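The chain and its coordinates come before the entries.

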Amino acid sequence: MIEMNNVSKSFGAHKALDALSLTVPSGQVTCLLGANGAGKSTTLNLLLNFIEPDSGEIIIDGLNVQEEPERSKQALFYLPEQVNLYEEFNALENLSYLAKLSGDAVTEQTIRDALTETGLQQSAWLEPLSSYSKGMRQKVGIAFAIVRGAKVLLLDEPTSGLDPSATLEFIRIIETLAARGAAILMVTHDLYCAHCLSDQIGIMKQGQLKALLVNQNLSLENLEAHYHQHINDHVTATADSVSLAPQLV
Ligand SMILES: Nc1ncnc2c1ncn2[C@@H]1O[C@H](COP(=O)(O)OP(=O)(O)OP(=O)(O)O)[C@@H](O)[C@H]1O
């Protein structure tokens, strides 16, 4: 589970995050939407403990990130927009090297099983990463999350640059990880993906969570209307099929 309670962060005089409260339960996917500069990356950077909040509390897998930085990191897996791995290594070599670096004792079979789960074609496993597409690199990244048994996944714009079938494959993998109990927070500009995947969808503007929509019976059209209403303040959404979570601002 991820919990952020009243978290604020300023850069100089600019408030990048303004009293953000958000809970991502285990086994669920939450997507954060918002225009450029809304505070989405700042949120991820705080969860990753790359930066410190000015106020508020961040809890990952029951551990306070500021008080227990090392232990809270153990539960986390971060998939950046561009997955940077060792280009000259193949998928198996990358994963076994990464596992060694993290101090995890894993067998080659565990790595093979994880790669199989991501759907990465076995014929590619022994090819160097330099020959991989973005979708294939992501699969290797996600295989590492599976190898590590990550309880919390942070995904930064994972579908940007993926073709529609790679996006669908990505959605299926993430659904599987959530079904196994991971708490997943994804920052995205991809409303379609957010609609397909999310249990709840947060819409951010100027450092604030403007809405938290529970994705039950929410049509893509209605999500788009809500998004534009909150981002642009000029479209009226029809809220009849939308449940609003308790944290609605
Ligand atoms: N290290 C920093 N120093 C100064 N200002 C920063 C820093 N990081 C972020 N900001 C500012 O904080 C605000 C929120 O930025 P953030 O990167 O979190 O937005 P975002 O929603 O992720 O945008 P994008 O969709 O473009 O990635 C912006 O106004 C940004 O300029």
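**Entry 1, the annotated span.** I began with the unreviewed UniProt entry, whose annotation "domain: ABC transporter" covers residues 2–231; positions from UniProt are given in the numbering used here, feature names are shortened, and annotations may be inferred rather than shown by experiment. I noted that the model is predicted, that local features need pLDDT of at least 70 and side-chain atom pairs count only at pLDDT 80 or more, while totals for chains, interfaces and linings use all residues. Residues are numbered from 1 along each chain as its sequence is written. For residues 2–231 I found 37% helix and 27% strand, with the end C-alpha atoms 25 Å apart; helices (H or I, at least four residues) and strands (E, at least two) are DSSP runs, numbered from the N terminus.

**Entry 2, the sheet.** I traced an open sheet of four strands in the order β2-β1-β4-β5, with antiparallel pairing. The edges are held by β2 and β5, each with a single partner strand, so one side of each is left without a neighbour in the sheet. I took two strands as paired if DSSP finds at least two bridges between them.

Going along the sheet, I found β1 joined to β2 by seven bridges, with Phe-11 opposite His-14 in β2. In the hairpin of these two strands, β1 and β2, two residues lie between the strands and Gly-12 takes a positive phi near 60°. Strand β1 (residues 2–11) is also joined to β4 (residues 55–60), by five bridges, and there Glu-3 has Ile-59 as its bridge partner. Two bridges then join β4 to β5 (residues 63–64), where Ile-59 stands opposite Asn-64 and Ile-60 opposite Leu-63. The hairpin of β4 and β5 likewise has two residues between the strands, and Asp-61 takes a positive phi near 50° in it.

Which residues surround the ligand? I listed Phe-11, His-14, Ala-16, Gly-34, Asn-36, Gly-37, Ala-38, Gly-39, Lys-40, Ser-41 and Thr-42, a residue being near a molecule if its C-beta atom, placed from the backbone, lies within 6 Å of it. Both β2 (14–24) and α1 (40–47) supply at least two residues of this shell, and α1 gives the largest share, three residues. By class I recorded three nonpolar, seven polar and one charged residues; Ala, Val, Leu, Ile, Met, Phe, Trp, Tyr, Cys and Pro count as nonpolar, Asp, Glu, Lys and Arg as charged, and the others, Gly among them, as polar.

Leaving aside neighbours within four places in sequence, Val-187 is in contact (C-beta atoms within 7 Å) with Leu-32, Lys-40, Ser-41, Leu-44, Asp-156 and Glu-157.

Terms used
Contact = placed C-beta atoms within 7 Å.
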